[in-house]
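Subject: Structure for you to look at

Hello,

Here is the structure I promised to pass on. Please open it and keep it beside this email while you read.

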Amino acid sequence: MPSGPREESPPPSPRHLTLAPVALGVLLGGCLSVLNVILAFKAGTGSGGAIITVLLGGAALRLLRKLDWRTLFVTYATASGGTLAVSAIDTSIGAALLGGAPMPAWIALVGLALLANLLGLVLGVVLAPSIIGDPSLKYPALWPVIDLMHALTGSGDAGAGRQRLIVVSAVVAAVLAFTAAVAGRDSLPPAPGLPPYLVLSLSPMLFGLGLRLSGAATVWIGLGAAYSLVVWYATALRAAPRPAPAYAEHLGSPWILAVGVGLLLGYACGFAARTADGPRRAAVRAMRGRGGHRWLAAAGVAAVTVTAVVALPPPYRTIAVALVVLAPLFAVILNRVNAATGMAPTGVLQFLTLVVLALAHVPQGAAYLLVGLICGSALASAYFIEAAKVAATAPARDALRTRQLLACQAIGSVAGVGTGITLLFLVGELGGVGTAAFPAPTSSALEFLNGLLRGSPEYASSALLFLVPAGLAGLALAWTPALTTLLGLGVLLPAATSAAILLGGVAKLVSQRRRGDEGAFAATVGSGLILGGGLANAVLLPSQLLTS
């Protein structure tokens, strides 16, 4: 089995290295980075966007008469470097802002994100042979992308229908988003007479996210939302005849925030224990064989660790050791889970990182930056290894060298960092994090956990009454097929957000049963809705922040 991008086959001709596919990848990656920042602050999740990239990239290259496997792959690899270039950093900075910290300078955030992506590329190069070469790791979510790329660049018009569908869906989503903005309505009650808390978001992005999620994921979000609704209803009954609690007050209840964080934290600990043997075996496999650069990387890590322990003062020593140890460890964990299940549990690793740093007495400001740096680098390594896996399936005449793949990913990362950080900075400066428009559930959970770990003993003891049982439940669920991260998010999300996602999930189920296509049509429509709704949200962002 191929173990990574092929080194022995030179590029067939300079015509395949034209500017067009790289520029197209930069455009798509930059736009998808913006969409993921919006999704992170709206729903606490993100979208890989590979199908969007391949379909739109293929359509554009066909119009330019430059479509073949190599140009489409260059577009995909460049865009994938930028799609999630700011993920983990956006939610970590959001948590710091919710805790009262000032907004860091734009240039500092750009530097942090570029460092995370650079570290991720280095880790990806080191880990790619052992991850891709492991026959037990099947990449279930990546093979549809690989098959689509080969179909689009083969004979006939395979995939043309999906391209048209995603464009039409994006246009419809943009029109709906602008119409809702003009009407001044971002939500509606699903039935007359319901209280303001029980509303349905009119966001096409959230409905599209529901169309993209699996049935199991929708069920677990629904269970979390049902628990949250029961708590809200019980609180409203006790408060009568006073008004029922709004979302911010509801989220602050230990029945919600402590329980949601406890589920996520408990699952993170159980997940780390359950996968502990994977990093060890992957590290051993990565050191085997020829390729002295792996041994050189290991020696470099050891040298940096020893230097940090001996030479640096205590606060910086702890930070350096945490970075050197946790970044490669979490990169291995994230890549193995992503390769085995198609899911990248970045949020789980963020909670676990925050706990470790708080217990190590890393200062609060530095801890949030390290959470973003460590988890962002792990995610960047996963996207490089995914691109390397796709490159390993290239036709013989279209094989790329590793340095060409690195160049594509690096260029895409710069584009994604530029657009994503700019949007993050704008939202933070205008005070949008934690508002009705951007509830930021993951950031809220991180800020709560940090306050609990560093707060007063009285506050900690009262919150622990809810956190410990929820944490034990999350720990137990780590050894089951339960999607505990989505259960915790369902608890923390506003009712309007959960309702839109669940409605999308129900629509996907209906479409899947009627069409018998395993949800392919619904997933394609969902990608278009996320794309169009996200772009409309980016345009409407200033007015959303001012009104909220």
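How many residues apart are Trp 69 and Phe 73 in helix H3, and about how many helical turns separate them? They are four residues apart in H3, which spans residues 69-83, so about one helical turn lies between them. Bear in mind that this is a predicted model.

**Aromatic rings**

Three aromatic pairs occur in the structure. Take Trp 69 and Phe 73 to begin with. Their ring centres are 5.1 Å apart. Their planes meet at 5 degrees. Planes under 30 degrees apart count as stacked, so this pair is stacked. Trp 69 and Phe 73 are both buried.

Now go to Phe 73 and Tyr 76. Here the ring centres are 6.0 Å apart and the planes stand at 45 degrees, so the pair is tilted. These two residues also sit in helix H3. They are three residues apart, about one turn of the helix. Phe 73 and Tyr 76 are both buried.

Trp 69, Phe 73 and Tyr 76 are linked by ring pairs into a cluster.

Next, find helix H8 (residues 204-212) and helix H21 (residues 495-515). Their axes come within 7 Å. They cross at roughly 45 degrees, which makes H8 oblique to H21. The crossing of H8 and H21 is right-handed.

Which residues make the contact? On the H8 side they include Leu 206, Phe 207 and Arg 212. On the H21 side they include Thr 497, Ile 501, Gly 505 and Lys 508. The residues of this contact of H8 with H21 divide into eight nonpolar, four polar and two charged.

**Ala 217**

Ala 217 lies in helix H9, which covers residues 215-239. Is Ala 217 buried or exposed? Its relative accessibility is 4%. Buried means under 20%, so Ala 217 counts as buried.

What does Ala 217 touch, leaving out residues up to four places away in sequence? It touches Leu 483 and Leu 486.

Look at Gly 505 again too. Gly 505 is one of the H21 residues in the contact with H8. Along the chain, Ala 217 and Gly 505 are 288 residues apart. Their C-alpha atoms are separated by 8.8 Å.

Best wishes

Technical notes:
Residues numbered from 1 in each chain as written. Predicted model: local features only at pLDDT ≥ 70, side-chain atom pairs only at ≥ 80, totals over all residues. Heavy atoms only, no water. Buried < 20%, exposed > 50% of the residue type's maximum accessible area, 1.4 Å probe, protein only. Contact = heavy atoms within 4.5 Å. Axes fitted to C-alpha atoms, helices over the stretch in contact; angles between N-to-C directions. Parallel < 35°, antiparallel > 145°, perpendicular 65-115°, else oblique. Left-handed = near helix turned anticlockwise from the far one by under 90°. Nonpolar A, V, L, I, M, F, W, Y, C, P; charged D, E, K, R; others polar. Phe/Tyr/Trp six-rings, centres within 6.5 Å; stacked < 30°, edge-to-face > 60°.
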